[in-house]
Amino acid sequence: MISTRPLVPSFEATHPGVTVDVQLVSGAAVTTRLQAAFWADLQVPDLVETEISSAGSFFRGSMKNIGFEI
């Protein structure tokens, strides 16, 4: 996995008013918490990196239950 933390200061410097908070969370926790947040219509991160083997679990059910946006 490539760390994005070293990129944060230069990104924030070129995007005034934008702050980045990089958090490393276990794969199982990301899947569980993100799915629960989607279903409960809670606030979710702007960007999430998830393991490809768990990605399919986010696309089950009806379209209204899929929380990702393009």
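Thr 19 lies in the loop between helix 1 and helix 2, where helices are DSSP runs of H or I with at least four residues, numbered from the N terminus. The model is predicted, so local features need pLDDT of at least 70 and side-chain atom pairs count only at pLDDT 80 or more, while totals for chains, interfaces and linings use all residues. Residues are numbered from 1 along each chain as its sequence is written, and side-chain values use heavy atoms, with hydrogens and water left out.

**The loop between helix 1 and helix 2**

Because its relative accessible area is 70%, Thr 19 is classed as exposed (buried is under 20%, exposed over 50%, partly exposed in between, with a 1.4 Å probe and protein chains only). Val 18 belongs to the loop that connects helix 1, residues 8-14, with helix 2, residues 27-39. Val 18 has a relative accessibility of 38% and therefore counts as partly exposed. Within helix 1 itself sits Glu 12, which is partly exposed because its relative accessible area is 26%.

Asp 41 occupies the loop between helix 2 and helix 3. With 71% relative accessible area, Asp 41 is exposed. The backbone of Asp 41 has a phi near 55 degrees, a positive value in a residue other than glycine. Most residues other than glycine have a negative phi. Met 63 is placed in the segment after helix 3, which spans residues 52-55. Met 63 is exposed because its relative accessible area is 70%.

**C-alpha separations**

| Pair | Residues apart along the chain | C-alpha separation |
|---|---|---|
| Thr 19 and Val 8 | eleven residues | 8.4 Å |
| Met 63 and Asp 41 | 22 residues | 14 Å |
| Glu 12 and Gly 61 | 49 residues | 37 Å |

**The largest pocket**

The largest pocket has a volume of about 1200 Å³. Its lining comprises 32 residues, of which Val 22, Gln 23, Leu 47, Val 48 and Glu 49 are the closest to the centre. A pocket is an open set of points on a 1 Å grid over the protein atoms alone, where a 1.4 Å probe fits, with protein on both sides within 12 Å along at least five of seven lines; lining residues have an atom within 4 Å of a point. Volume is the space filled by probe spheres set on the points.

Both helix 1 and helix 2 contribute to the lining of the largest pocket, each with at least two residues. The greatest contribution comes from helix 2, which supplies six residues to this lining. By residue class, the lining of the largest pocket consists of 17 nonpolar, nine polar and six charged residues (Ala, Val, Leu, Ile, Met, Phe, Trp, Tyr, Cys and Pro count as nonpolar, Asp, Glu, Lys and Arg as charged, and the others as polar).
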